[in-house]
Amino acid sequence: MITLVRRCAALCALGTLTAALAGCAGDTTTSSGHAGRPAHPPARAAAPSQPAPPTLAPGPSGLTPVFENGPRSRGRTVALTFDADMTADQGPRAAAGERFDNPALVATLRRLKVPATFFMTGRWAEEYPAQARAIGRDPLFEVANHSYSHHAFTGRCYGLPTVPAARMRADMERAFAAFRAAGVERPVPYFRFPGGCYDQRALRALAPGGVTAVQWDVVSGDAFATDSSAVARQVLDGVRPGSVVVMHCTRSAAPATERALRTIIPKLRERGFRFVRVSELIGAAGGAGARG
């Protein structure tokens with residue numbers, strides 16, 4: 001995701017970033033999926049005392065369903081999502097001191113009691129296992145899959161290296177395995193494509209994994225931004241009932257995000273919005289926001 005926004009930021013002003021990201025959706029067709037289908041991800045199943053997270057029904061020809069936003073007419077809910085990006089080859093940078101985590105951001109969400117969904121790469125969970133475990137065990141949060149490598153699942157995805165089609169499902173499953181190794185016991189069966197780029201080949205490759213692909217309808221513009229006010233303004237201008245907001249929780253690449261949250265959260269609450277995890281939006285969707 002971060003590579004995508006780096007390229008977009010170089011090409012266009014913050015106000016046009018949403019249009020650039022929307023172009024990443026690729027070759028897709030529309031589906032009328034429905035919520036509530038039991039999930040069968042490669043991650044550990046939910047404990048018997050907890051219901052399985054809702055997923056959408058497969059799209060046409062059994063393709064992985066894609067969720068972009070929740071219902072617009074069932075209350076003023078909004079889901080904040082945070083990409084925990086770290087690519088497979090960034091280990092030397094982390095060893096040299098670059099921080100791909102953001103504990104202050106997580107602490108702010110906890111202090112303000114804001115539910116959120118973290119889309120985590122497997123490499124991030126390997127680098128920060130204690131943080132991954134703490135996020136995964138906090139009832140405010142849920143951990144979803146952002147691939148292991150953060151390589152693209154299509155060609156021509158903003159310069160990202162490409163995962164071969166034959167390896168796409170394995171890359172996703174490797175991330176779930178990394179979550180389990182870190183102690184994240186119940187990751188939700190949701191997947192976010194690196195860069196937001198997908199096509200029918202990618203949707204077909206992941207279909208046996210039983211996941212729902214999660215996109216967004218509000219781009220925060222936080223990647224590499226230093227003006228927290230601009231980030232907050234873009235989110236506040238874009239949020240509608242049922243929105244999914246894409247942000248980042250990586251200090252080095254999204255340094256203004258935590259400060260922006262201190263404005264975004266109280267302002268949205270003043271407008272009557274209630275913060276929810278993605279699983280609640282999908283459970284309420286009834287097919288709204290689904291494409292496959």
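E98 is partly exposed, with a relative accessible area of 22% (buried means under 20%, exposed over 50% and partly exposed in between, for a 1.4 Å probe and protein chains only). Its salt-bridge partner is R93, with the closest N and O atoms 2.8 Å apart; a salt bridge is a side-chain nitrogen of Lys or Arg within 4 Å of a carboxyl oxygen of Asp or Glu. R93 is likewise partly exposed, at 38%. The model is predicted: local features need pLDDT of at least 70, side-chain atom pairs count only at pLDDT 80 or more, and totals for chains, interfaces and linings use all residues. Residues are numbered from 1 along each chain as its sequence is written, and side-chain values use heavy atoms, without hydrogens and water.

The salt bridges number 13. In one of them, D101 meets R251 at 3.0 Å, N to O. D101 lies in the loop between α3 (91-95) and α4 (103-111) and R251 in the loop between β8 (243-248) and α10, so the pair ties together parts 150 residues apart in sequence. Helices (H or I, at least four residues) and strands (E, at least two) are DSSP runs, numbered from the N terminus. D101 is buried, at 0% relative accessibility, whereas R251 is partly exposed, at 34%.

A further salt bridge joins R169 and E173 at 2.8 Å, N to O. Both residues belong to helix α7 (residues 168-182) and stand four residues apart, about one turn of the helix. R169 is partly exposed, with a relative accessible area of 32%, as is E173, with 27%. Through shared partners, salt bridges link R99, D101 and R251 into one network.
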